[in-house]
Amino acid sequence: MRRALRWLLAVCVVAATTSVALAADLRPLVQSLGTGGYAGTEKGLAQLSEAGDPAAVPVIEALQAGDLYVRKADGVVVIARKAGSDYALTDPLGGASLGEAPAGAIEKIKVNNALRRAISASLGALTLMSPDAGIRRSAADAVFKSRDATALDALNTALAKEQDSSVRRAMEQARAAITLTAGASDEDTRVAVATLAGRSDQDALALLSSVASSSSASETAKAAAASAIASVQLKLTLWGVAQNLWYGLSLGSVLLLAAIGLAVTFGVMGVINMAHGEMVMIGAYTTFMVQELFRAHAPGLFDLSILVALPAAFLVSGGVGILIERSVIRWLYGRPLETLLATWGLSLALQQAVRSIFGPSNREVGAPSWMSGAFELGGLTITYGRLWIVVFAFAVFAALLVALKRTWFGLSIRAVTQNRPMANAMGIRTAKVDALTFGLGSGIAGLAGVALSQIDNVSPNLGQGYIIDSFMVVVFGGVGNLWGTLVGALTLGTLNKFLEPYAGAVLGKILVLIFIILFIQRRPRGLFALKGRAVEA
Amino acid sequence: MLTRFFLMGLDRKAGVVLTILALLAVLVPVSTLLVPADSPFHLSIFTVSLLGKYLCFALLALALDLVWGYCGILSLGHAAFFALGGYAMGMHLMRQIGPRGVYGNPVLPDFMVFLNWTELPWYWLGFDHFWFAALMVLAVPGALAFAFGWFAFRSRVTGVYLSIITQAMTFALLLAFFRNDMGFGGNNGLTDFKEILGADIQAPGTRVGLFVATVVALALSYMIASGIIGSKLGKVLVAVRDTESRVRFLGYNTEHYKLFAWTLSACMAGVAGALYVPQVGIINPSEFAPASSIEAVIWVAVGGRGTLAGAILGAVLVNFGKSYFTGALPELWLFALGGLFVAVTLFLPKGLLGLGAQLMARMPKSKSLPNGKPADQKGM
Amino acid sequence: MRTKQATSVLGLGAFAGLAMGAMMGMAAPALAQDTIKVGILHSLSGTMAISETTLKDVMLMLIEEQNKKGGVLGKKLEAVVVDPASNWPLFAEKARELLTKDKVAAVFGCWTSVSRKSVLPVFEELNGLLFYPVQYEGEESSRNVFYTGAAPNQQAIPAVDYLMQKEKVQRWVLAGTDYVYPRTTNKILEAYLKGKGVKDEDIKINYTPFGHSDWQSIVADIKKFGSAGKKTAVVSTINGDANVPFYKELGNQGVKAQDIPVVAFSVGEEELAGIDTKPLLGHLAAWNYFQSVENPANAEFIKAWKTFTKNDKRVTNDPMEAHYIGFNMWVKAVEAAGTVAPDAVIDSMVGVSVPNLTGGYSAMLPNHHITKPVLIGEVQENGQFETVSKTPGLVPGDEWSDFLPDSKDLIADWRKPMSCGNFNVKTGKCGGKGT
């Protein structure tokens, strides 16, 4: 939006002197966008971008954003933007206000995929001279993608004036892509191959391969392409390994988040907590509720909703956990198996409760803008959402570690779980510590729910998908050892991701399970076994 | 010798269980096939199949109780043995369809035909013979249990670690059987059976026959299990459950005892699965789901762990409740079922069979710890 | 010791008696009926509840509306709802319960092939009627089942045609959940694409388990496959729960519809309700109905639905329309036959034609499938689909695919005298391919 306005302003200034005559020429072309359905719009768009007039840019941008409408009364094409309950109409050429109209009086010019592609290509060609380097760069990328030979002249003109080196490189690559696609002299081909060799990605590889296998290219060009392909492939392979490591880390941190609450309730307290997954689910639903509140009352602050959801989910899940502990679990200490039975029953009831309250279908949890999209790091694609989840998982782990090792509360927890009567004798109120510990584990599960709501379904079945993996992680790492849970989660995640490309997703998972079974044969107490007499009990 | 073995473990409770089973084996066929349909004593075929299903689950629960209640091995993967037995039977029934499948292919099951398999995979060979399938019903779960137990018990994997790797085992099998490339029909599983041992599988006579077979299998397994428990072997098993290391120090090779009980239990579960499949008409990988195994544990706990009759009672009761509530309270039945589990744990720690004992124990003073009951202990 | 055992024994005996009594009660014949019962066999719990609960609600609404119009044959309809709990053997058990205990006149239900395969023998044995409302892989035609969802030729093939013609797609990723519907659909599509000259190396097939939630590697693979210089599209038969994480990952990794469009056969308005659709703008779905279709019948249906559920945000989708069509067909057939007796209804079903919600009529064919229009829609920012293509006429459902070697010679026709679900036109015999 802001970008559009700025560009609009620039266009106005540049075109101020000549605009009257040009706008008159564009008018019938703009008008033709509104007739003849998708095909008509596409034809109009083609003519509009052929005219090469920057004044057309705001029109095309409005079309892309879905703001271009036809006024039903007279068939005039207008830009309409929501203003209160009505729409404010403006002239697409020049931006003069045309008053307001109700929704029923105007009809949107529909856009499909083919049109979207055409829009990107023509905007690319038309915005190569934009004063904003960022826009010029994305314009060059758009041309690279479309490989539209008609943009070549505009590209050359833009290159002649370009000062910014990174934009320059993007433009040269775009030109190289056009050259290779359209076919060119031997000299040009070789220059293009050299340019593209610097861009070590799949797109470059595809273009280079087309040279290497083409019949028209000379032997020297082919040889240059072949050596470029070899170097690109090597880089891609190395980046591929790094990418897999990242995926492994990311999957591992999801497993860590899911399992870390269980490491407290099961690992530390010995409760076989089958309702752990439901605590995660409750956290996810809390996120949904918080977001609903934001949507209703403060849509402008939506990006902060996740930050508010974190403490809310911790408190809600933790509260439910304390309730469960006080009403059910506390009668069952020392009888781990019965906790399995009771928590299984609770998990069924909680799922059904959520289903009755929120309905069985998925709920929409939106991603704040700082968790959407991805960035490139060398040859790595890292999505912001996953990055934050990795950071968050480690932060939660560290916080829990500090809480258990460095606070009085943590000390009491360790005392009670290690020797209950002794702790009691020392004046620790064990019942209270039990309740708070279970609440802590459940609250952490709730935090995991906030994170998982960003990547998975928010449905009553959410928890079921993670409960088995969580138990595997805790047991693999060694019950009662937080470091074990950390290492276990990361090992299993990475292993899974390295197996997946070779064995496929299903077989990969089966192999990981077999690995766990065999590993437990070697180390019957998990990776980080607790030692000492208490273990045998 | 054998008769002594069987009779040794039989006490009065066993007498009652066997009497009830015998009554079922006689009364059900009579009231289904002979009593006219409008009489209040008539049992519909639907009910017979339902009862048959419950008893298959009861057999699974009995098998599980043998290892968990008496040997202290909490298996969260017993449904895997059940399902493997079921698949062995299902493969036989698939082969029996012959050219009556929708494509009319005399050898290949329908799901192979439309996924363009050209010949039967080697592991399907032999299943056209009933004796071979029957052997596999015992051999496949037995072999898996033996191999799994051999490694796990020798490595002294115990307690929750053992439980979780049994869970990993059934989960891995679930994923494997879901794969269509495995040649077991993927998610659709095996279904649309036509006949068993030459009899139409949907005919009332066949269904009653299958029911009676289930009752007989359950009774036999009950006798075997109580025979073992009453024997010296049983005493060692109970000792292993209560303190394994002490038994080991006394010179017993506990691994062998555990392995025996474990493998036998898996075979029983396999038989249960094999009887289950023709009665419900489908076998599908979801039987391997970890939740199914956990449910089986819950049946045992509801009925009373460490009492064979309790396992049977729990399985029948919980499944009856499930059938009833899913029809009567379709929207709320999970609350009812979940509430039942919580209530049983809180108020009936020894299960339903323990309830009577608990009430009795309050009145007279004398209280002894019978050898069949697990002591209140930390282990699982 | 003795007393203890005695109590246990007593308890056991008492229980056995109770259970038997309860069984007898369950089996007691139903009393004289002054209503017509209709069974609804959709999972209300477990993994499938997410999709099926809506269908239960829509059936209740349709039955309520029919009763307002005076019911059927002068009798009120009564819905019998059971919960098969996403458990396949339980589907068969509940189907048997509905047919024998509740004596329902027809059953509307099931979702996924395995549930249908599980109940199929029950319906054939007890001669019941089942209306199956979901798109499926075909390769089946039963006398007792009416398939109101799409067969592959009513969904998959038109979608691929659209991509080939309008989007000029040359390279294909066929991604699906590993079960029979995606497997069969992909087999059909593979044969179809190869028939159109697509080379082996331009087709990539990928299967994932149910509920797959970590799509990072697969989406990256799709991007890689799609950057080979040829226009690439993904044909997704990914099922249910796995879709939300899949689409979230697509959005995050920036796979835009204008570069690599994804066309889905199992993603409708209901599934999109759980996702932020802004990054998914322009991805496609092929169905026989979209909520966004503008015509009076649909507007009325949507309004009734929102009123019935007392929720303005509830969406409608394709399987709901299939139940709408199926239910109205059943009502019409029952009224034509003058009875709810299965044989009479089955005979009068074929040829029944009722209005669908996209502005035309759907007719029941002799193979127990129906005629439908095929719509291709693009995802919009508001979670709805915008129709970008619609077949000019109605497409008749083809149960035996012409693109699979073993089924191309088969047809189904349940009219007398043929009355056969797998008639072989080559051998002129009923009973499949034969030897």
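Predicted model: local features only at pLDDT ≥ 70, side-chain atom pairs only at ≥ 80, totals over all residues.

Three residues of chain A stand out here: A:Leu341, A:Trp344 and A:Gln521 supply 17% of the area that chain A buries against chain B, more than any other three residues. On the residue level, the contact takes 45 residues from chain A and 42 residues from chain B.

What about polar links? There are zero salt bridges between chain A and chain B, but six residue pairs are in polar contact across the interface, both partners at pLDDT 80 or more. On the chain A side, helices H14 (336–358), H19 (464–477) and H20 (482–522) each supply at least two of the residues that touch chain B. H14(A) gives the most, with 15 residues. Sorted by type, the chain A side divides into 30 nonpolar, eight polar and seven charged residues.

Now for the cysteines. The whole structure holds one disulfide over all chains, and this bond joins C:Cys420 to C:Cys430, with 2.0 Å from S to S. The link is right-handed, with 90° about the S-S bond. C:Cys420 lies in strand S18 and C:Cys430 in strand S19 of chain C, so the pair ties together parts that are ten residues apart in sequence. C:Cys420 is buried, at 1% relative accessible area, whereas C:Cys430 is partly exposed, at 48%.

Over in chain B, B:Cys71 is in no disulfide, and its nearest cysteine sulfur, that of B:Cys267, is 15 Å away. B:Cys71 is buried, with a relative accessible area of 2%.

Conventions:
Residues numbered from 1 in each chain as written. Chains lettered and ligands numbered in written order. Heavy atoms only, no water. Contact = heavy atoms within 4.5 Å. Buried area = accessible area lost by both parts, 1.4 Å probe. Salt bridge = Lys/Arg side-chain N within 4 Å of Asp/Glu carboxyl O. Polar contact = N/O pair within 3.5 Å; in protein donor to acceptor, adjacent residues only side chain to side chain. Helix = DSSP H or I, 4+ residues; strand = E, 2+ residues; numbered from the N terminus. Nonpolar A, V, L, I, M, F, W, Y, C, P; charged D, E, K, R; others polar. Disulfide = S-S within 2.5 Å. Buried < 20%, exposed > 50% of the residue type's maximum accessible area, 1.4 Å probe, protein only.
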